[in-house]
Amino acid sequence: MSQRLTLSRAAHIVGVSRGALQRKMREGELPSHDGMVSTVDLLRAYPDFDLEDSGAFERVVRVKEEAFGRRVMERVLPSSQILAQRLFAQSQELGELRHHLQGYHQLVLALRERIAQISAERPALQVEMAALGEALERGLAAVLGSSEPSDNIAVMDDMLKVITAHVTVRPSGREFLVEGHDTLLRAGLSSGLALNYGCGNGNCGLCKARVVTGEVRRVQHCDYVLSEAERLQGYVLLCAHSPVTDVVLEALEAQGPEDIPEQRIVARVKSVAPINAAATDTLLLHVQTPRSNRLRFLAGQSLTLALAGDGRDCQAIYTVASCPCDDRNLHFHVARPDHPGEDVFAEMLFAGGLKSGQEIMLWGPWGDFTLAAGSSRPIVFAACDTGFSPVNSLIEHALAVDAVESLSLYWLATRSDGHYRANQCRAWAEALDHFHYFPLTAPDAATGGLSTARAICAGVLASGKLGEHDVYLSGPEAFVAAAAAELAAAGMPEAQLFLKVI
Ligand code: FES
């Protein structure tokens, strides 16, 4: 008998993206019922699936092998109380199945007896009864002797249910898995959801959400007190609770930049250093927010940075290069300015004016260069030089959301620092079947914008229509203008073209 799996779990087990499964569903290769797929249909859609090649299998093996390593146990597995509750739930399910099985067994025995009885009492029916008896025995032998591979998928799903819990968020229908000690909020953010929250620390109450079905457990201290009425309705703080069972939540999610409030945070510089040994004209600025005052933003957005206290003379707006899933550690890629006075904040950074541990004021976030809400179209990113900064954040976010069937990155370099994160881009391309990386060079941004747009058209036209993609352009004005004009002339719909001038 085939078992039903949620899309997230099915993708997890087979080792493909949710976007890839959704494409198979759209193309009729993978039937679904209420957003669930059966193990049999999954195996039909992925006939070459090998359990031992899937990440899920490796994870279970790793947990098994390292089960005595205390630190690994703490990182990978949920708390012992949650594990005990999940095992209890599995045991209950197993007990019910055993009970049903015993019932079926009794039924088969009674049926055999009845066939033999009719055969003896009514000789005229002997032939039919013998055929019926044989069919029954054959059917039983087939079921008992079956070693269908789909059984393995069901076993893996049961195992994953102990290690992870599945969460569905209403009304968006978004899904994510919670592993180890993660809270609902941390796991949701890591999966690319823009859940409503504030302090991340149990103080503000902004992350409250209603548990519709399932069971959760508090795993973090919280000072915020829910009212009696809220508790009775099933409200919990996402930043303080972890799921015990699979859970359905009603929670607020940002639909776009307009739903993210402006914030002011005094943070600290963690480090300022060349982004790699060969790229001394590009700095990586790493800023860390206080544990109790994290920064909520969407991938692709910018922040104003200023020296704390006396910031008005020395401030700048930079795009965040890191993923919103890590709201404490913010990364910025800062280019050495070409001309004095062009960017005084960057000049101060290159002159060593900002030291590790120093306070820095952040406010924002700003901008709408964010992933189009609800779009599952293939995405093309095109960046020029440090225009890669917001694109890096968008790619990390898109990979976390895992709902897009293909991502392509065209990165044009016109500076001596070139593709300063080439290793990371190549690693994405090697590790992910649906990620494609095309490094390009040009003598200047305008020429490069034109050649990049032509490369996109040539690449995209080989795999589908331009209008079936979302295209994000980021870089100097000359690059963005040239590329956008060329793409528009090639038929790219304006609504699917997203622009960011750095
Ligand atoms: S985010 Fe502030 S209480 Fe949860």
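Mentor: Let us begin with helix α1, residues 7-14, where eight of the eight residues are buried, so that this helix is largely enclosed by the rest of the structure. Please keep in mind throughout that the model is a predicted one. The buried residues of α1 are Leu-7, Ser-8, Arg-9, Ala-10, Ala-11, His-12, Ile-13 and Val-14, and each of them reaches that class by having 20 or more other C-beta atoms within 10 Å of its own. Just after α1 comes Gly-15, whose phi is positive, at about 80 degrees.

The chain contains 15 helices and 20 strands, and its C-alpha trace spans about 105 × 55 × 40 Å along the principal axes. Of the contacts in the chain with a separation of 6 or more, 72% are accounted for by residues 24 or more positions apart.

Turning to another pair of helices, α6 (residues 80-121) and α7 (residues 126-145) pack with their axes 9 Å apart and at an angle of about 160 degrees. Angles over 145 degrees count as roughly antiparallel, and α6 and α7 are therefore roughly antiparallel to each other. The crossing in which α6 passes α7 is left-handed. On the α6 side the contact involves Val-108, Leu-111, Arg-112, Ile-115, Ile-118 and Ser-119, which meet Gln-126, Met-129, Ala-130, Leu-132, Gly-133, Leu-136 and Leu-140 of α7. Sorted by class, this contact of α6 with α7 comprises nine nonpolar, three polar and one charged residues.

Among the strands, six form an open sheet with antiparallel pairing, in the order β13-β12-β15-β10-β11-β14. The edges are taken by β13 (315-319) and β14 (329-335), each of which has a single partner strand, so one side of each is left without a neighbour in the sheet. On average, and with direction ignored, neighbouring strands of this sheet are turned by 35 degrees against each other.

Technical notes. Residues numbered from 1 in each chain as written. Predicted model: local features only at pLDDT ≥ 70, side-chain atom pairs only at ≥ 80, totals over all residues. Axes fitted to C-alpha atoms, helices over the stretch in contact; angles between N-to-C directions. Helix = DSSP H or I, 4+ residues; strand = E, 2+ residues; numbered from the N terminus. Parallel < 35°, antiparallel > 145°, perpendicular 65-115°, else oblique. Left-handed = near helix turned anticlockwise from the far one by under 90°. Contact = placed C-beta atoms within 7 Å. Nonpolar A, V, L, I, M, F, W, Y, C, P; charged D, E, K, R; others polar. Buried ≥ 20, exposed ≤ 12 C-beta atoms within 10 Å, placed from the backbone. Pairing = 2+ DSSP bridges.
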